[in-house]
Amino acid sequence: MTAFDQVSVVLKANIYFGGRVSSRTILFSDGEKKTLGIMLAGTYTFSTREEELMEILAGEMTVLLPGSNCWQTFSEGMSFTVPADSSFRLTIGQTVDYCCSYLK
């Protein structure tokens, strides 16, 4: 998929880590929610409330998922899931474009 049709976009950006990570919230008529964002080079820890599907649209990140001792690398066209009520770490070497889907 290269575009979302008939959605609402929340105008205010979600800005984290001093502006090094930013995203926009996309709302679908069926209640589905996604964010589209950019992450600049750095190491970050994120916490989840809901289960999340992270899709890499461009770039590459190395991720330490909850319950794992092994870092995994994900690049353009790849995705990973993070359980609800957990946290995960990631390292970015170059700018990453991503889509995060909140699963119910």
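Guide: We start in a loop. D85 sits between β9 (79–82) and β10 (87–92). Keep in mind that this is a predicted model.

Visitor: Why is D85 called exposed?

Guide: Its relative accessible area is 65%. Exposed means over 50%. The value passes that mark, so D85 is exposed. The backbone of D85 also has a phi near 55°, a positive value in a residue other than glycine.

Visitor: Which other residue, in the segment before β1 (7–9), can we look at?

Guide: Q6 lies there. Phi of Q6 is near 50°, again positive in a residue other than glycine.

Visitor: What makes Q6 count as exposed?

Guide: Its relative accessibility is 78%. The cut-off is over 50%, so Q6 counts as exposed.

Visitor: Why does G19 count as partly exposed?

Guide: G19 has 36% relative accessibility. Buried needs under 20%, exposed over 50%. The value falls in between, so G19 is partly exposed. G19 is in the loop between β2 and β3. From G19 to I38 there are 19 residues in sequence and 9.9 Å in space, C-alpha to C-alpha.

Visitor: How far is Y44 from I26?

Guide: They are 18 residues apart in sequence and 23 Å apart in space, C-alpha to C-alpha. Y44 belongs to strand β5.

Visitor: Why is Y44 called buried?

Guide: Its relative accessible area is 3%. Buried means under 20%, so the label holds for Y44. Among the residues that Y44 touches, beyond four places in sequence, are F17, R20, V21, F88 and I92.

Visitor: What makes S23 buried?

Guide: S23 has a relative accessible area of 5%. That is under 20%, so S23 is buried. S23 lies in strand β3. Its contacts beyond four places in sequence include A13, N14, Y16, T35 and Y98.

Visitor: How many salt bridges does a search of the whole structure find?

Guide: One. The side chains of E32 and K34 form a salt bridge.

Visitor: How do you know that E32 and K34 meet in a salt bridge?

Guide: The N to O distance is 3.2 Å. The limit is within 4 Å, so the pair qualifies. Side chains of opposite charge can pair when their charged atoms come close.

Visitor: Why does E52 have no salt bridge?

Guide: The nearest side chain of opposite charge, K33, is 8.0 Å away.

Visitor: Which residues are closest to the centre of the largest pocket?

Guide: The pocket holds about 420 Å³ of space. Of its 19 lining residues, Y16, T35, S47, E52 and Y102 are the closest to the centre. Elements giving two or more residues to the lining include β2 (14–16), β4 (33–39) and β11 (96–103).

Visitor: How do the lining residues of the largest pocket divide?

Guide: Nine are nonpolar, six polar and four charged.

Conventions
Residues numbered from 1 in each chain as written. Predicted model: local features only at pLDDT ≥ 70, side-chain atom pairs only at ≥ 80, totals over all residues. Heavy atoms only, no water. 1 Å grid on protein atoms, 1.4 Å probe; cavity = no way out; pocket = protein on both sides within 12 Å on 5 of 7 lines; lining within 4 Å. Points joined across faces, edges and corners; volume = space filled by probe spheres on them. Helix = DSSP H or I, 4+ residues; strand = E, 2+ residues; numbered from the N terminus. Nonpolar A, V, L, I, M, F, W, Y, C, P; charged D, E, K, R; others polar. Buried < 20%, exposed > 50% of the residue type's maximum accessible area, 1.4 Å probe, protein only. Lys, Arg positive; Asp, Glu negative; His and termini not counted. Contact = heavy atoms within 4.5 Å.
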